[in-house]
Amino acid sequence: MKIIFDFDGTIHKSDEIYEKAFYDTLKKYKIKKPNLDPKSYLGYPPRKIWDDFLDDSYDKEKLIESTGDLMMENMKDFGSLYEKTEKVLNFLKEKHELIILSSCTKKYIENARKIYDLDLYFSKYLVGEDYNYKSKAEIIRINKINNFIMVGDRLSDIKAGFLNNNISIFAKYGYGKESEGDLSDYKIEKISDLLKIKGLL
């Protein structure tokens, strides 16, 4: 069995590093602070937040790059894996192949691999940038992955399982609204709850 994990909001607590990077980018380029919650955009492709409040006269690729670079700088000091993540992954890797599927850039996940020693647990990394930020359901189909369980905190994660006729588990502790987990097969309050699901033991 393969278990596919979303990254931010599922195993990685990244709201502080993202908010700091976002607001520092606004300050750097003298852009007025918008009336939105940056945390609510975690798990989406990086362009979405800029498209939602800026028109195309802005160089959004430059803003995305700046935010991404600052997130990587902040990761070591302000990011962390959720409590007991390593313990859960250590247990699951003995029984299943573990994969990360994230709507992030290659540089971001490579940085995380080094900081958190992710290669101790995961055999494969599928990142949105490599697939032109296609949906996670489509990325799974492109890679011909069958017989898997998807774990994530956003509707896109749950659809990745649902639309491919596989099980999905909604991480209620992440950054998605609770309604985003309506199509999921299971809901968990914390990552260690995965060890209570019989199909994973």
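Predicted model: local features only at pLDDT ≥ 70, side-chain atom pairs only at ≥ 80, totals over all residues.
Lys 107 and Asp 69 are joined by a salt bridge, in which the closest N and O atoms are 3.1 Å apart.

To see where the two residues belong, consider how the chain is divided: domain 1 consists of two stretches, 2-13 and 81-196, while domain 2 covers 14-78. The C-alpha centres of the two domains are 22 Å apart, and their contact draws on 15 residues from domain 1 and 16 residues from domain 2.

The size of an interface is often expressed as the accessible area that is lost when the parts come together. Between domain 1 and domain 2 this buried area amounts to about 1500 Å², with carbon and sulfur atoms giving 58% of it. On the side of domain 1, the residues that lose the most area to domain 2 are Tyr 108, Arg 154 and Tyr 175, which together make up 36% of what that side buries.

Polar links also cross the interface, where 2 salt bridges are found, along with 10 residue pairs in polar contact. On the side of domain 1 that touches domain 2, the elements that give two or more residues are β2 (12-13) and α5 (106-116), and α5 provides the largest share, with 6 residues.

How values were computed
Residues numbered from 1 in each chain as written. Heavy atoms only, no water. Domains from an automatic or database assignment. Contact = heavy atoms within 4.5 Å. Buried area = accessible area lost by both parts, 1.4 Å probe. Salt bridge = Lys/Arg side-chain N within 4 Å of Asp/Glu carboxyl O. Polar contact = N/O pair within 3.5 Å; in protein donor to acceptor, adjacent residues only side chain to side chain. Helix = DSSP H or I, 4+ residues; strand = E, 2+ residues; numbered from the N terminus.
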